[in-house]
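Opening the notebook on a new chain today.

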Amino acid sequence: VFFVLFFALGFLLYAAIFAGLGAMVSSDQDSQQLQYPVTMVLVAAFIASFSVIKDPEGGISRVLSLVPLFSPITMFTRIATQMPPWGEILLSLALLVATHLFFLWLAGRIFRVGILMYGKRPDLAELVKWIRYG
């Protein structure tokens, strides 16, 4: 049950992030440059899971299992190695859902304006204008 929950919520979170990134670019090369940092976060979460396996009740394990970008991997690793308190599991799920909804809202704002700006790659100031627009 926990695997399905964390997998589905993690998938939805990263799908929203990648959708927002995809709306910002108009070529494959630009999208590859933007997806690299997000992929590195996933790799970092996977590498951090080895620390979680070694000490599932340690401070680093507890913190990483509550960070929404890491929790789909690290919290499930904690659950598989040694069951954490239910409060931490529920808090991790709540933070994951809230972060997913935030990134979904953000991706929707970027997509609404970004899809019309074909061929123009936004800088940070332009991206903030897209998010505030409308």
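Predicted model: local features only at pLDDT ≥ 70, side-chain atom pairs only at ≥ 80, totals over all residues.

**Overall build.** I counted secondary structure and got six helices and zero strands for the protein chain. Reading from the N terminus, I noted the order as α-α-α-α-α-α.

I fitted a box along the principal axes, and the C-alpha atoms fill roughly 50 × 30 × 25 Å. Next I looked at burial: of the 134 residues in the protein chain, 40% are buried. Taking contacts with a separation of 6 or more, 63% of them join residues 24 or more positions apart.

**Helix 1 against helix 4.** How do helix 1 and helix 4 pack? I took residues 2–24 as helix 1 and residues 71–81 as helix 4, and found an angle of about 170 degrees with the axes 9 Å apart. The cut-off for roughly antiparallel is over 145 degrees, so helix 1 counts as roughly antiparallel to helix 4.

Then I listed who meets whom. On the helix 1 side I have Phe2, Phe3, Phe6 and Gly10; on the helix 4 side, Ser71, Pro72, Met75, Phe76 and Ile79. Sorting the residues of this contact by type gave me seven nonpolar, two polar and no charged.

**Aromatics.** I searched the whole structure for ring pairs and came out with seven. One of them joins Phe102 and Phe103, with 5.5 Å centre to centre and 65 degrees between the planes, so I logged the pair as edge-to-face, the cut-off being over 60 degrees. Phe102 also pairs with Trp105, this time tilted, at 6.1 Å centre to centre and 35 degrees between the planes.

Where do Phe102 and Trp105 sit relative to each other in helix 5? They are three residues apart in that helix (residues 86–114), so about one helical turn separates them.

Phe102 comes out partly exposed at 42% relative accessibility. Phe103 is partly exposed too, with a relative accessible area of 22%; buried would need under 20%. Trp105, at 45%, goes down as partly exposed as well.

Elsewhere I found that Phe3, Phe7, Phe11 and Phe76 make up one aromatic cluster. Two names there were already in my notes: Phe3 and Phe76 are also listed in the contact of helix 1 with helix 4.

**Two arginines.** I looked up Arg78 in helix 4 and Arg132 in helix 6 (residues 124–132). Is Arg78 buried or exposed? At 0% relative accessibility, Arg78 counts as buried. Arg132 has 69% relative accessibility, so I put Arg132 down as exposed.

I wanted to know what Arg78 touches. Leaving out residues up to four places away in sequence, I got Val52, Pro56, Glu57, Ser61, Arg62, Ser65, Met83, Pro84, Pro85 and Glu88.

For Arg132 I took a C-alpha distance instead. Arg132 and Leu106 are 26 residues apart along the chain, and their C-alpha atoms are separated by 9.9 Å.

How values were computed:
Residues numbered from 1 in each chain as written. Heavy atoms only, no water. Phe/Tyr/Trp six-rings, centres within 6.5 Å; stacked < 30°, edge-to-face > 60°. Buried < 20%, exposed > 50% of the residue type's maximum accessible area, 1.4 Å probe, protein only. Helix = DSSP H or I, 4+ residues; strand = E, 2+ residues; numbered from the N terminus. Axes fitted to C-alpha atoms, helices over the stretch in contact; angles between N-to-C directions. Parallel < 35°, antiparallel > 145°, perpendicular 65-115°, else oblique. Contact = heavy atoms within 4.5 Å. Nonpolar A, V, L, I, M, F, W, Y, C, P; charged D, E, K, R; others polar.
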